[in-house]
Amino acid sequence: RERLLALRGPAAAGTTPHGPSLLCSLSAAEDLTRRIGRRADGNGKQPWRGQTWRDEWVKIRREELVLQGNELEDIVVETTETTLPRFRQEVEWLVQSGWEGCDAKAYTLLVYMGRGALGAALRVGSRRYAASTHALTGLLLSRAGQGELPPTCFCNLSGRWGLSEEDPAWGALSAAGAAPGASFIATTVSGGLVANDHTFADGRGLRIPIFCAHGVEYQLQDAAVV
């Protein structure tokens with residue numbers, strides 16, 4: 001327990017009863033260390049070997065866009081300052097939930113705009129995004145169990161932005177013989193959508209938001225929903 005609290009930082013002392021299993025959290029933290037090494041300071045707040053997540057941002061976004069099918073020579077990476085206004089509501093929601101502003105911005109950008117690249121590097125044990133991975137993990141560990149329970153969320157298992165598209169480990173749920181109780185180790189932070197008039201508009205299935213020239217369009221996904 002003492003080892004886990006040290007990993008998670010001072011905020012973990014007030015962990016609520018609905019927080020994560022201490023053993024599961026410790027196992028995940030140690031698996032991360034085995035893959036890309038330990039942080040220099042161990043608390044998820046300071047730079048990893050002189051790097052911060054901002055130093056890795058351009059490379060993360062470039063790889064993320066390539067993973068999404070864009071040609072490398074056509075890619076123009078936006079700065080963090082240019083990108084953040086698109087996620088104003090997400091950042092504000094985190095701040096209202098008790099997050100520090102800088103932490104909310106880091107989490108939002110890395111999860112919404114870079115989780116595929118981070119996961120790809122982590123799966124092969126590459127340290128090319130170690131600072132960002134440790135920063136994101138540190139934020140998740142420090143916030144685990146804090147505040148209210150999050151709302152129930154849904155995501156398509158396959159298809160565009162599907163869970164198994166971002167992290168092949170989720171394919172275990174659609175494999176032959178998959179049954180309740182199956183387990184697997186994920187290497188990305190999974191996103192989800194709350195049920196509303198946009199995401200479940202007509203009873204046909206889950207619709208996900210896609211940014212396009214005229215704004216946001218919710219597109220129906222022909223896939224199992226998790």
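Select Arg204 to begin. Arg204 is exposed, at a relative accessible area of 60%; here exposed means over 50% relative accessible area, buried means under 20%, and partly exposed lies in between (1.4 Å probe, protein chains only). This is a predicted model, in which local features need pLDDT of at least 70, side-chain atom pairs count only at pLDDT 80 or more, and totals for chains, interfaces and linings use all residues. Residues are numbered from 1 along each chain as its sequence is written, and side-chain values use heavy atoms, with hydrogens and water left out.

**Around Arg204**

Asp202 and Arg204 form a salt bridge, with 3.9 Å between the closest N and O atoms. The term salt bridge stands for a side-chain nitrogen of Lys or Arg within 4 Å of a carboxyl oxygen of Asp or Glu. Asp202 is partly exposed, with a relative accessible area of 37%.

**The whole chain**

Zoom out and colour by secondary structure. The protein chain has 8 helices and 2 strands, and along the sequence they follow the pattern α-α-α-α-α-α-α-α-β-β. Helices (H or I, at least four residues) and strands (E, at least two) are DSSP runs, numbered from the N terminus.

The protein chain has 226 residues, of which 37% count as buried. Its accessible surface comes to about 13,000 Å², and 54% of that belongs to carbon and sulfur atoms; the areas come from the Shrake-Rupley method with a 1.4 Å probe, and for residues only the protein chains shown count as cover. Contact means heavy atoms within 4.5 Å. Among contacts between residues at least 6 apart in sequence, 60% join residues at least 24 apart.

**Helix α6**

Select residues 101-123, which make up α6. Of the 23 residues of α6, 18 are buried, so the helix is largely enclosed by the rest of the structure. Centre the view on Gly114, where α6 bends by about 85 degrees; the bend is the angle between axes fitted to the seven residues ending at a residue and the seven starting there. Cys102 counts as exposed, at 57% relative accessibility. Just after α6, Gly125 takes a positive phi of about 70 degrees.

**The largest nonpolar core**

Next, show side chains for the core. A nonpolar core is a set of buried Ala, Val, Leu, Ile, Met, Phe, Trp, Tyr and Cys residues joined through side-chain atoms within 4.5 Å. The largest one has 22 residues, and Tyr107 and Leu136 touch the most other members. Two or more residues come from each of α3 (53-67), α5 (88-96), α6 (101-123) and α7 (130-143). The largest share, 10 residues, is from α6.

Select Leu136 and display its neighbours. Leaving out residues up to four places away in sequence, Leu136 touches Tyr107, Leu110, Val111, Leu118 and Val189.

Go to helix α3 and pick Glu63. Is Glu63 buried or exposed? Glu63 is buried, with a relative accessible area of 18%. Side chains of opposite charge can pair when their charged atoms come close. Glu63 forms a salt bridge with Arg128, and the closest N and O atoms are 2.9 Å apart. Because Glu63 lies in helix α3 and Arg128 in the loop between α6 and α7, the pair ties together parts that are 65 residues apart in sequence. Arg128 is partly exposed, at a relative accessible area of 37%.

With residues up to four places away in sequence not counted, Glu63 touches Ala117, Ala120, Arg128 and Tyr129.

**A pair within α5**

Select Arg88 and Glu92. The two form a salt bridge with 3.4 Å between the closest N and O atoms. They are 4 residues apart in helix α5, so about one helical turn separates them. Arg88 is partly exposed, with a relative accessible area of 48%, and Glu92 is also partly exposed, at 36% relative accessibility. How many salt bridges does a search of the whole structure find? The search finds 8 salt bridges.

**Cysteines**

Finish by selecting the cysteine sulfurs. The structure holds 0 disulfides, a disulfide being a pair of cysteine sulfur atoms within 2.5 Å. For Cys153, which is in no disulfide, the nearest cysteine sulfur is that of Cys155, 9.5 Å away. Cys153 is partly exposed, with a relative accessible area of 37%.
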